[in-house]
Amino acid sequence: MDFEPWWLIFVPVLFALGWLAARFDVRQMLRETRSLPDSYFRGLNFLLNEEPDRAIDAFVEVAKLDPETTELHFALGSLFRRRGEMERAIRVHQSLLNRSDLPAAEREHAQHELAQDFLKAGMLDRAESGFEQLKDTRYALPALRSLIRIYESEHDWPRAIEAVKTLQGLVDEPVPQIVHYYCEQAQSALAAKPADVDAAHKALDAADHALSTMDAGSTKGAHVRTAMLRARLALIEQDPKRERLYLESVMTDVPEYAGLVAEQVLANYRAANQEAAGLDLLQKQYARHASLDLFNVLFRELRVQQGAAPSWAFARNALRSHPSLLGLDRLLEAELANSEGNADQGPVPGADLTLLRSLIHKHTQRLDRYACRSCGFQARRFYWQCPGCNAWETYAPRRLEELE
């Protein structure tokens, strides 16, 4: 195509149009800027100067001057909630809900935010009512997850189970904690006076069914817990063979949890007058999969069945293979308790044992804990649900020293 000189006329025309468009945009922006209250710019300035408290006060003033700024209300409410100022967060979101002209989508948003405020403030009844109202809205899924948290905190396991089933109908993903809900039901039934054996069987059958639908690799803890509860149920029903079968299945299938069942295993063998066989079983288990909890049980039982010398020989070999200050502290504690008032103090005199333990005990106190992999919450006893973050199966069955 040949170039025509008269095409050059379009160059200044296009330039003029661009200049006019820019002028229009600038004027529009200036008009919008002039319409914003001064408090808005003061708030931005405070944020830039890292003064969040004064920034929030400025934005609150903007919200009062211009009630139509719903997005600013939502932002303020979230800020108040994150800072723990629950009364102010609730007031902001309630003021939005009180507006008759609020569009349906923003009303649902405000309802969800208000329910979260109540949940964080510990007002569970109000939070539950708020989330219930969102079941048929676009916030149905997060509301249902929050309801599950509420039912957990109230130990309302039947409603938690129903909520999880509803959740599974909405999303195609496993919810492993439902197994623990059934286990909690079984545990409550076994703790009743007298134990409700039928209810425990029913709950554990449901737990096994739930486990069969999930990936075995992600539910090791749940498998262990159901086996332990089955063993406890067998003990109540005076069926020691079945109890032993469940306990030994834990050591065989999930050996890292052996320390949690070692005492029950010994008690089962002791009841059958087979203490030596039980001790031999735990020694073989320790040789395959050593742990501090199993070490402690073995040392104490060796001291009872075979005396000081064999127990200390085991301790020396174990600590040589798996050096541990906590293990040394445990065996010194056990030795002092067993040798108290006994002339036969073993290979080391009692005074020396007391001195040794006093030297290392203060260094091992922080290591003698289980820790949550999710939030880091530490506890002396093992939990299936973390008391800190309420997550399930986040405690490794090993003490801190073994994890370092």
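Modeller: Let me start with a cut-off: a residue is buried under 20% relative accessible area, exposed over 50%, and partly exposed in between. Please keep in mind that this is a predicted model.

Colleague: Thanks! Why does Arg83 count as partly exposed?

Modeller: Arg83 has a relative accessibility of 40%, so it counts as partly exposed, since that class lies between the 20% and 50% limits.

Colleague: And what makes the pair of Arg83 and Glu85 a salt bridge?

Modeller: The closest N and O atoms of Arg83 and Glu85 are 2.8 Å apart. A salt bridge needs a Lys or Arg side-chain nitrogen within 4 Å of a carboxyl oxygen of Asp or Glu, so the pair qualifies. The side chains of Asp239 and Arg242 pass as well, with 3.0 Å from N to O. Asp239 itself is partly exposed, at a relative accessible area of 27%.

Colleague: How many salt bridges does a search of the whole structure find?

Modeller: The search finds 21. Among them is the one between Arg81 and Asp117, whose closest N and O atoms are 2.7 Å apart. Arg81 belongs to helix 4 and Asp117 to helix 6, so this pair ties together parts that are 36 residues apart in sequence. Both Arg81 and Asp117 are buried. Elsewhere, salt bridges link Glu128, Glu132, Lys135, Asp156 and Arg159 in a network.

Colleague: Why is helix 16 called roughly antiparallel to helix 17?

Modeller: Helix 16 (residues 292-305) and helix 17 (residues 308-321) pack at an angle of about 155°, with their axes 7 Å apart. The cut-off for roughly antiparallel is an angle over 145 degrees, so helix 16 is roughly antiparallel to helix 17. Here the contact divides into 11 nonpolar residues, one polar and one charged. From helix 16, Phe295, Leu298, Phe299, Leu302 and Arg303 take part, meeting residues of helix 17 that include Trp312, Phe314 and Leu319.

Colleague: Now to the cysteines. Where does UniProt place the feature "binding site"?

Modeller: The UniProt record, an unreviewed entry, puts it at Cys372, Cys375, Cys386 and Cys389. These positions spread over 18 residues of sequence, yet they cluster in space, with 8.7 Å as the largest C-alpha distance.

Colleague: Is Cys372 buried or exposed?

Modeller: Cys372 has a relative accessible area of 5%, so it is buried, the limit being under 20%. Cys372 sits in the loop between strand 1 (370-371) and strand 2 (378-379). Leaving aside residues up to four places away in sequence, Cys372 touches Phe377, Cys386, Cys389, Thr394 and Tyr395.

Colleague: And why does Cys375 count as partly exposed?

Modeller: Cys375 lies in the loop between strand 1 and strand 2 too, but its relative accessibility is 42%, so it counts as partly exposed. With the sequence neighbours up to four places away set aside, Cys375 touches Cys386, Gly388 and Cys389.

Colleague: What is the phi of Glu393, and where is that residue?

Modeller: Glu393 has a positive phi of about 55° although it is not a glycine, and it is placed in the loop between strand 2 and helix 20. Glu393 has a relative accessible area of 18%, so it is buried, under the 20% limit. Asn390, found in the loop between strand 2 and helix 20 (400-403), also has a positive phi, near 65°. At 45% relative accessibility, Asn390 counts as partly exposed.

Colleague: Which peptide bond is cis?

Modeller: The bond from Lys193 to Pro194 is cis, with omega near 0°. Pro194 is in the loop between helix 10 (177-191) and helix 11 (197-212).

Colleague: Finally, how many helices and strands does the protein chain have?

Modeller: The chain has 20 helices and two strands, and 42% of its 404 residues count as buried.

Note on methods:
Residues are numbered from 1 along each chain as its sequence is written. This is a predicted model: local features need pLDDT of at least 70, side-chain atom pairs count only at pLDDT 80 or more; totals for chains, interfaces and linings use all residues. Side-chain values use heavy atoms; hydrogens and water are left out. Helices (H or I, at least four residues) and strands (E, at least two) are DSSP runs, numbered from the N terminus. Buried means under 20% relative accessible area, exposed over 50%, partly exposed in between (1.4 Å probe, protein chains only). UniProt positions are given in the numbering used here, feature names are shortened, and annotations may be inferred rather than shown by experiment. Contact means heavy atoms within 4.5 Å. Axes are lines fitted to C-alpha atoms, for helices over the stretch in contact, and angles run from 0 to 180 degrees between N-to-C directions. Angles under 35 degrees count as roughly parallel, over 145 as roughly antiparallel, 65 to 115 as roughly perpendicular and the rest as oblique. Ala, Val, Leu, Ile, Met, Phe, Trp, Tyr, Cys and Pro count as nonpolar, Asp, Glu, Lys and Arg as charged, and the others, Gly among them, as polar.
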